[in-house]
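Thanks for coming, everyone. Let me put the structure up, and then we'll walk through it.

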Amino acid sequence: MPVTRFSPEGLQPHTPYDHVAVATGSRHIHVSGQIARLGDGTPVAPGDLTGQVAQVLRNTGRALAGADASFEDVVRLTFYVTDWAPEKIGPFMAGIESVVEELGLPWPLPPASLIGVDHLFEPDVLVELEATAISQ
């Protein structure tokens, strides 16, 4: 397996992601920021953070598959969420949890960051997701 994920003793416990990913492989895969749009550009889940998180993960999975990779190869996820506030963690996590089985997401997730931003490139976009993967 090209990616090993873990959380060493002494780091914050009970996070929904591992703190460290160690990857060996020759293929670096960088997935650009994915948003909640269908292939034809139709917005998905306007105004619904849970639905948009689920769709950006689906789109990221599709992009990884296009590179002959999967979430098992991911070493880093970076989520950008508009107008972030701590009370949004419930809907945010619900979006992830709703597609764990569907997409075969590892749990805990690979190392991840959630970055609050004022806005993204279009007003209806609530979340954007970038991914980095390493494969053989």
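First, how charges are counted: Lys and Arg are positive, Asp and Glu are negative, and His and the chain ends are not counted. A charge is placed at NZ of Lys, CZ of Arg, CG of Asp or CD of Glu. On that count, the protein has 7 positive and 17 negative charges, and their mean positions lie 4 Å apart.

A word on the source. This is a predicted model: local features need pLDDT of at least 70, side-chain atom pairs count only at pLDDT 80 or more, and totals for chains, interfaces and linings use all residues. Residues are numbered from 1 along each chain as its sequence is written, and side-chain values use heavy atoms, with hydrogens and water left out.

Now the fold. There are three helices and six strands. These are DSSP runs, numbered from the N terminus: H or I of at least four residues for helices, E of at least two for strands. Along the sequence, the order is β-β-β-α-β-α-α-β-β.

Next, burial. Of the 136 residues, 43% count as buried, meaning under 20% relative accessible area with a 1.4 Å probe, protein chains only.

Look at helix 2, residues 89-97. Which residues are buried there? Phe92, Met93, Gly95 and Ile96. They sit on the same side of helix 2, because they cover an arc of only 150 degrees around the axis. That arc uses the directions from the helix axis to the C-beta atoms. What do they pack against? Helix 1 (49-66), strand 4 (74-82), helix 3 (100-103) and strand 5 (112-117).

Finally, extent. The C-alpha trace spans about 40 × 35 × 25 Å along its principal axes.

Conventions:
Buried < 20%, exposed > 50% of the residue type's maximum accessible area, 1.4 Å probe, protein only. Contact = heavy atoms within 4.5 Å.
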